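The sequence and coordinates come first, and the description follows.

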Amino acid sequence: MQNFCFKHVIASIILLCSLFISNKLNAQGKTDLQILSGINRGFGIGSNLLIQDISNDFPFDIKFGFGYTWLNPGNSSKARKIFINNATNGVPEKKGHSFDIRLDLMKSTTIMGNSNSYWYFGPRFSRFKGNFKYVGGNEDFDITSSQFGLGAGIESHYTISNNLKLVITGGLDYFLSAKLQGHDTSYSPDNDNVNARTKNENGDKYDFKDANKAIDQPQFMPRLLIGVQFNI
C-alpha cells in the first residue's frame, strides 16, 4: 500500500511541475535554480527549482527540490539487539543519511525589512537509510524507511548581481513514523511486525516503539540553509 501511494505522489509531483514549467514557458513566468547547504538535523545539501510569476490568477510561486542529509542513524547496540541478536562482539561503526523530495507553495512577504522574502509550506517525502557495522563481529546491515511529511518555513533573497542572489532559508519538516526494516526483520507503526526479536527471558518481543526509539529515522527536522540562486 505504501509503495502504491508513493508512486502516485511522485507521479503527481512530476505532473504538477511539468504543468507549471510548461505554463512558464508559454507565459511571463521565470525559473531560478538554488544550490544550498547547512543544517537539516544533520549536515545537508540541496537543490531547488523556483518557478515564479506563474500566473496573475495563481497567488503562489512554486519550489520543487531535492535534498541529501547525513544523519546519526541511532543506537548501535540497540539496533543489533532489535534487528539481529544479542551478540556484543565487534567494534560498532554507524552512518546514516536521508534523501528527500519536497514541493512548496511560496507566498511573498516582508521579513526584517526585506521585501524579497517568502513564507512557504508543502508536502515532503524522505527515504532514510542507516548502516550498522560491527568490525570483528561479522555483521553489517542496513535499516531503511520511507516516510511522508509536511514542512513550512521562511526564506529571504538578497541581490548580489542581476543574475545572482544570496538565499537564506529556515523551517521545520515533520515526517510521519514509518515501517523500519533491516536484515530479515521489520517493525511497523501498527505493530504488524515481521520476525520481531525476543527481548527477555519471558519471551516478550520487541515492538515498533522499541525500534523507533533505537533508530533515528527522520521525524522533526529543523532546517537552516544558506546558498545561492541563479536565473536560468
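## Strand pairing

Strands β7 and β10 (residues 220–231) run antiparallel and are joined by 11 bridges, with Asp 173 standing opposite Met 221 in β10. Strands here are DSSP runs of E with at least two residues, numbered from the N terminus, and two of them pair if DSSP finds at least two bridges between them. The model is a predicted one, in which local features need pLDDT of at least 70 and side-chain atom pairs count only at pLDDT 80 or more, whereas totals for chains, interfaces and linings use all residues. Residues are numbered from 1 along each chain as its sequence is written, and side-chain values use heavy atoms, with hydrogens and water left out.

Strand β7 is also joined to β6 (residues 139–161), by 12 bridges in an antiparallel arrangement, and a hairpin of two residues connects β6 to β7. Within this pairing, Leu 150 has Tyr 174 in β7 as its bridge partner.

## An isoleucine on β7

Ile 168 is found in β7, which spans residues 164–175. Ile 168 counts as partly exposed because its relative accessibility is 33%, the class lying between buried (under 20% relative accessible area) and exposed (over 50%), with a 1.4 Å probe and protein chains only.

A cavity is a set of points on a 1 Å grid over the protein atoms alone where a 1.4 Å probe fits but cannot get out, and lining residues have an atom within 4 Å of a point. The largest cavity is lined by 15 residues, with Ile 45, Gly 46, Phe 66, Gly 67 and Arg 223 nearest its centre. Strand β2 gives the most to this lining, with five residues.

Note on methods:
Helix = DSSP H or I, 4+ residues; strand = E, 2+ residues; numbered from the N terminus. 1 Å grid on protein atoms, 1.4 Å probe; cavity = no way out; pocket = protein on both sides within 12 Å on 5 of 7 lines; lining within 4 Å.
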